[in-house]
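Trainee: I have this one open and would like to go through it piece by piece. Can we begin with the sheet?

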Amino acid sequence: GVTVYSVYGAKESARRPPLEVLKHLDAVIIDLADAGARFYTYQTTVGYFLEAAAQAGIDVILLDRPNPITGSFVQGPVSDSPSDGGQEKFTNYFPEPVRHGMTLGELASMVNAERNIRARLEVVTMQGWKRGDWFDSTGVAWVNTSPNLRDLNEATLYPGVAMIEGTNVSV
């Protein structure tokens, strides 16, 4: 009897949580595993929920998870912000390097502050994770974050391979 609302679709409006639904909630709980790369769309989904939750006046509780490819490395070019001529896209919500070195909770906190969203965000931090830990050293079972990221090896390659997805070069 629980209603499910999808926030995945071809148009931006389909990817944003409906305000009329959020206004009837006390809180939204987010439990997603990020891939550690700028263009992984879960970051944008979290940003959209922060924006909508701030407008609806409800809390966002984010259950943080390890960055699977460690939080020790920040690598790659930083995307342009819309104010610098860049374009906000589903794969580029916030200017950051390709490999950002943060957890999804850290990213959500940064975006909430830097974009002045002012959502009531609570990040439930992990216990025992250290910034230098790769996912396989956490003791946590791997759960596929998408059909194309089925293990740590694929997650490690993702920042480099996915960088050319928007080009006319075939992977």
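Mentor: First a definition: two strands pair if DSSP finds at least two bridges between them. Keep in mind that this is a predicted model.

Trainee: Fine. What order do the strands of the open sheet come in, and is the pairing parallel or antiparallel?

Mentor: The order is β1-β2-β5, three strands in an open sheet, and the pairing is parallel. β1 (27-30) and β5 (120-124) are the edge strands; each has a single partner, so one side of each has no neighbour in the sheet.

Trainee: How far are neighbouring strands turned against each other?

Mentor: By 15° on average, with direction ignored.

Trainee: And how many bridges join β1 to β2?

Mentor: Four bridges join β1 to β2, which covers residues 59-63. Within that pair, Ala27 sits opposite Asp59 of β2.

Trainee: Which strands does α3 lie across?

Mentor: α3 lies across β1, β2 and β5, and runs at about 155° to β2. α4 lies across β2 and β5, at about 160° to β5.

Trainee: Change of topic. How many cavities of 30 Å³ or more are there?

Mentor: One. The largest cavity holds about 100 Å³ of space.

Trainee: Which residues lie nearest its centre?

Mentor: Gln43, Thr44, Tyr93, Leu107 and Val111, out of 14 lining residues of the largest cavity. The elements that give two or more residues to that lining are α3 (42-56) and α4 (104-114). α3 has the largest share, with five residues.

Trainee: What classes of residue make up the lining of the largest cavity?

Mentor: Eight nonpolar, four polar and two charged.

Trainee: Now the pockets. How much space lies in the largest pocket?

Mentor: About 860 Å³. The largest pocket has 27 lining residues, and Phe39, Thr41, Thr91, Tyr158 and Glu165 are the ones nearest its centre.

Trainee: Which elements each supply at least two residues of that lining?

Mentor: α3 and α5 (152-161) do for the largest pocket. The largest share comes from α5, with four residues. By class, the lining of the largest pocket has 14 nonpolar, nine polar and four charged residues.

Trainee: And how much space is in the second largest pocket?

Mentor: About 320 Å³. Of the 17 residues lining the second largest pocket, Tyr5, Val7, Val28, Ile29 and Phe49 are closest to its centre. Two or more lining residues come from each of α2 (19-22), β1 and α3.

Trainee: Which element gives the most to the lining of the second largest pocket?

Mentor: β1, with three residues. The lining of the second largest pocket divides into 14 nonpolar residues, two polar and one charged.

Trainee: Last topic, salt bridges. What does the count come to?

Mentor: Six, with a salt bridge taken as a side-chain nitrogen of Lys or Arg within 4 Å of a carboxyl oxygen of Asp or Glu.

Trainee: Where do Glu51 and Arg16 lie?

Mentor: Glu51 is in helix α3, and Arg16 is in the loop between α1 (12-15) and α2, so the pair ties together parts that are 35 residues apart in sequence.

How values were computed: Residues numbered from 1 in each chain as written. Predicted model: local features only at pLDDT ≥ 70, side-chain atom pairs only at ≥ 80, totals over all residues. Heavy atoms only, no water. 1 Å grid on protein atoms, 1.4 Å probe; cavity = no way out; pocket = protein on both sides within 12 Å on 5 of 7 lines; lining within 4 Å. Points joined across faces, edges and corners; volume = space filled by probe spheres on them. Nonpolar A, V, L, I, M, F, W, Y, C, P; charged D, E, K, R; others polar. Axes fitted to C-alpha atoms, helices over the stretch in contact; angles between N-to-C directions. Contact = heavy atoms within 4.5 Å.
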